Amino acid sequence: SKLRHELTTSLIAPPNGGSAPSNNIDLDMKYCHLRKDIPVHQQLFDSLSVRVTREVVSLVETPQSKSKGGRSRCRQRRRQRRKEKDMELDCRDTCLVDWKNEEAATHLSPSEWNAALLRASEASEGGLNKGDVLIDVRNVYESNIGHFAVPNLQTLMPNTRKHSSMADVFNSETTAKALAGRRVFMYCTGGVRCERAGSYLKGISESNSGAWKGMEPPSAVYQLKGGIQNYLEQFGDKGEVATIKQGKDDEKLCLYRGRNFVFDPRRTDPVIGSGMPSSGKSEKVSVVGKCMICNCPHDDYDNNHAPCENKEARCFRCRILVLICDPCRKMYTCWGEAEEGKPILHCGKNGAVCIDRGNSTEQIRITQY
């Protein structure tokens, strides 16, 4: 809170004695806990990059350049602008020229989010809720180890490999049929990806084109403010092992199950969710990941190594992260490991073949807990 105050004060301070800008600044800050199962020095950043960008997260894939020269960066920006122009012209068989001008989804605080989902779950008890749908706009390897699971409420899992694929997901027949006329609740790690995803969903659904031709747009689109990180600070378990919360106050129930995948040297945040029981069950769930070989509970991509050691399990062909428990991993060869006569591990069923996981809208999944 002290750091937030100091940063906000410095942002609204008038430069060189000039007029003070508006102090209506929504400074998004999150506290990140360190894991206790790996050394502290293996979880720290070794560098910091601060730069001005056109946008924090884009639904248009940014080309990567091997060179850091000024000319190369200019060429990269020109290529990105051409891609954005092409996307705006055809936009995957739509005419969304002004989708970026759409307002973002309505923000809900963690408490408001919890209350809204609990009401939706209660309203649909005894039958399928026809009015509300959850969307996890993260990638498949993130949702595999943790996600919101609300009893009786449908959840759409895009199962993408990269965020730029969400445009295809939202313009698919599966998504259009699942969301048409319904209230949509979307979430991501920190809330940033939902800003663009919410605007795009509203634009594509109101365009009457592509998969949404003749379809009713969602009745409302909401997003979890601050994302899972902010939510778990209020409702998660601070220990390495989730405990069942006691009490009759439903508004304090944690609706998130499992771990929160993060893109830093920790791989996962130690604050986890114990979740609500599934319909007809009494036990809570804190491990949602499963070994792809033996199906036992497992949510550690690094198999007890620190992520900085680069010993995570990946598909031998497409290199996507996969979950395989410690005993099973000894019997397979993952990407980056020397072939020693053991079977090669892929991302498909039972590790037998590579299905290029996360790169097809055919892998969109709609589930209910």
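A polar contact is a pair of N or O atoms within 3.5 Å, where, within protein, one atom must be able to donate a hydrogen and the other to accept it. In this predicted model, the side chains of Asp302 and Arg267 are joined by such a contact at 2.8 Å.

## Asp302 and its surroundings

Asp302 sits in the loop between strand 8 (268-274) and helix 9 (326-329). Its relative accessibility is 1%, so Asp302 counts as buried, the limit being under 20%. Beyond its neighbours within four places in sequence, Asp302 is in contact with Arg267, Pro307, Lys311 and Glu312.

The pair Asp302 and Arg267 also qualifies as a salt bridge, with 2.8 Å from N to O. Distant parts of the chain are linked by this pair: Asp302 is in the loop between strand 8 and helix 9, while Arg267 is in the loop between strand 7 (256-261) and strand 8, 35 residues apart. Arg267 counts as buried because its relative accessibility is 11%.

## Salt bridges

Side chains of opposite charge can pair when their charged atoms come close. The model has 11 salt bridges in total.

| Asp132 (5%, buried) | Arg183 (29%, partly exposed) | 2.5 Å |

Asp132 forms its salt bridge with Arg183. Asp132 belongs to strand 2 (residues 132-136) and Arg183 to strand 5, so this pair ties together parts that are 51 residues apart in sequence.

Elsewhere, salt bridges that share partners connect Arg267, Asp302, Glu312 and Arg314 in one network. Glu312 is also among the residues in contact with Asp302.

In soluble globular proteins, nonpolar side chains tend to be buried together. The largest nonpolar core of this model contains 26 residues, and those with the most contacts inside it are Trp113, Leu117, Leu134, Phe148, Phe185, Tyr187 and Tyr231. Two or more residues each are given to this core by helix 3 (110-123), strand 5 (183-187), strand 6 (220-224) and helix 8 (227-235). Helix 3 supplies the largest share, 5 residues.

Leu134 illustrates the packing. Leaving out its neighbours within four places in sequence, Leu134 is in contact with Trp113, Leu117, Phe148, Val150, Leu153, Gln154, Thr155, Leu156, Phe185 and Tyr187. Another core lies apart from the largest one; this core has 25 residues, including Val133, Ala167, Ala178 and Ile204.

Ala167 is part of helix 5 (residues 166-170). With a relative accessibility of 0%, Ala167 counts as buried. The C-alpha atoms of Ala167 and Tyr200 are 7.4 Å apart, while the two residues are 33 residues apart in sequence.

## Helix 8

Within helix 8, the buried residues are Gly227, Ile228, Gln229, Tyr231, Leu232 and Phe235. Among the elements that cover these buried residues are helix 3, strand 3 (146-148), strand 5, strand 6, strand 7 and strand 8. Tyr231 is also listed among the residues with the most contacts inside the largest core.

## Gly358

Gly358 is located in the loop between helix 9 and strand 9 (365-368). Gly358 is buried, with a relative accessible area of 2%. Across 218 residues of sequence, Gly358 and Val140 have a C-alpha to C-alpha distance of 6.4 Å. Apart from neighbours within four places in sequence, the contacts of Gly358 are Asn159, Thr160, Arg161 and Gln363.

## A nonpolar surface patch

On the surface, Leu34, Val40 and Leu44 make up a nonpolar patch with about 250 Å² of accessible area together. Leu34 lies in the loop between helix 1 (2-12) and helix 2 (70-90). Its relative accessible area is 37%, so Leu34 counts as partly exposed.

Note on methods:
Residues numbered from 1 in each chain as written. Predicted model: local features only at pLDDT ≥ 70, side-chain atom pairs only at ≥ 80, totals over all residues. Heavy atoms only, no water. Helix = DSSP H or I, 4+ residues; strand = E, 2+ residues; numbered from the N terminus. Buried < 20%, exposed > 50% of the residue type's maximum accessible area, 1.4 Å probe, protein only. Contact = heavy atoms within 4.5 Å. Patch = residues over 30% accessible without salt bridge, like charges linked within 9 Å, V, L, I, M, F, W, Y side chains within 5 Å. Areas by Shrake-Rupley, 256 points an atom, 1.4 Å probe, with all protein chains shown as cover. Salt bridge = Lys/Arg side-chain N within 4 Å of Asp/Glu carboxyl O. Core = buried A, V, L, I, M, F, W, Y, C linked by side-chain atoms within 4.5 Å.
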